[in-house]
Amino acid sequence: MLNRIMNSEYQALLLLMLSFIVIGILMLIIPLLFKNKTSNPKKDLNLDLTNNDIKKIDNTLDKEKLMSDIFDIYKKVEVAKSKFNYDILKELLTDNLYQEELNKLKELKENKQKLVATNIKLQEVRILSIQKENGIDNINAYLHVSRYDYVINNKKEIIRGTDKTEYQIEYKITLEKSTDKYLKIKKKECTGKWIKNK
C-alpha cells in the first residue's frame, strides 16, 4: 500500500516535471515561430508584383503606368516643396502627410531656408504590395532615385547636403487610390541615402 502511494506521488512529481519541461520548450519555440512570420522590412523591399498580380487585385491598374505615375508624383512633390507650392502638395498628398510637410516647410521658411531638389532621376521602382480596403487601394512601392539634395539659406549658402554630387535615395512609399480620385502619397519613408562613388 505504501509502495502504491509512493509510486503515485512519484508519478505525479514526474508528470509535473515533464509539464514544466514541455512548457519551457514551448516558450522558446513559439517566439521563434512568430518571429519568422513577421515581415522583414529589408526582405519586403525586394518584392515586385507582376502585372498579372496587380490585375487580380485591381484590374484598372497597369504596372508600367503605375510605376511611371509613382515617380512622376514623387518628383512633382519634391519640386513643389523646393518652390513652397502648397497647392501642388495639397493635390498630391493625403491630408495627414500634407500637414506634416506643411509644418516642415513653415519651419524652413521661418528660418529663411529653402530645400533644393534638382536633377531628379528614376533609378528603380518596384510594386511591393497592394491592399484593397473600403474601395481604396493602398499601394506600397520601393523607389530609388538620384538627385541633388541640399538646403540653402537666404544668402544661397549651402547649410545641409552638397551640390557637388548627386545623392542616391531609397524610399518605401505608400500611395492611396480611391475609385474617384487620383493617386496620392500617403506615407514616404527613407530607407537609405548615400553618395554614389563615380
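Guide: The protein has six helices and four strands; these are DSSP runs, numbered from the N terminus, with helices as H or I of at least four residues and strands as E of at least two. From the N terminus on, the order is α-α-α-α-α-α-β-β-β-β. This is a predicted model, where local features need pLDDT of at least 70, side-chain atom pairs count only at pLDDT 80 or more, and totals for chains, interfaces and linings use all residues. Residues are numbered from 1 along each chain as its sequence is written, and side-chain values use heavy atoms, with hydrogens and water left out.

Now the sheet. Four strands form an open sheet in the order β1-β2-β3-β4, and the pairing is antiparallel. The edges are β1 (113-133) and β4 (184-195). Each has a single partner strand, so one side of each lacks a neighbour in the sheet. Two strands count as paired if DSSP finds at least two bridges between them. Neighbouring strands are turned by 20° against each other on average, direction ignored. Axes here are lines fitted to C-alpha atoms, for helices over the stretch in contact; angles run from 0 to 180 degrees between N-to-C directions.

Take one pairing in detail. β1 and β2 (residues 136-153) run antiparallel over 17 bridges. Glutamine 131 stands opposite asparagine 138 in β2.

Next, the helix on the sheet. α4 packs there and touches β1, β2, β3 and β4. Contact means heavy atoms within 4.5 Å. The direction of α4 makes about 145° with that of β1.

The aromatic rings come next. Rings of Phe, Tyr and Trp (its six-membered ring) pair if their centres lie within 6.5 Å; planes under 30 degrees apart are stacked, over 60 edge-to-face, and the rest tilted. By this rule there is one aromatic pair. It joins tyrosine 74 and tyrosine 171, is tilted, and has 5.1 Å centre to centre and 55° between the planes. The pair links distant parts of the chain. Tyrosine 74 is in α4 (residues 63-82) and tyrosine 171 in β3 (residues 158-178), 97 residues apart. Tyrosine 74 counts as buried because its relative accessibility is 0%. Tyrosine 171 is buried too, at 7%. Buried means under 20% relative accessible area, exposed over 50%, and partly exposed in between (1.4 Å probe, protein chains only).

Valine 79 is also in α4. Its relative accessible area is 27%, so valine 79 is partly exposed. Valine 79 and leucine 89 are 10 residues apart in sequence and 9.7 Å apart in space, C-alpha to C-alpha.

Two charges sit over rings. The test is NZ of Lys or CZ of Arg within 6 Å of the ring centre and within 35 degrees of the ring normal. Arginine 126 has its charged end over the ring of tyrosine 142, 4.2 Å from the centre. Lysine 193 has its charged end over the ring of tyrosine 167, 4.6 Å from the centre.

Threonine 94 lies between α5 (86-92) and α6 (95-110). At 11% relative accessibility, threonine 94 is buried. Leaving aside neighbours within four places in sequence, threonine 94 contacts Glu176, Lys184, Ile185 and Lys186.

Finally, the whole protein. Buried residues make up 36% of its 198 residues. Among contacts between residues at least 6 apart in sequence, 59% join residues at least 24 apart.
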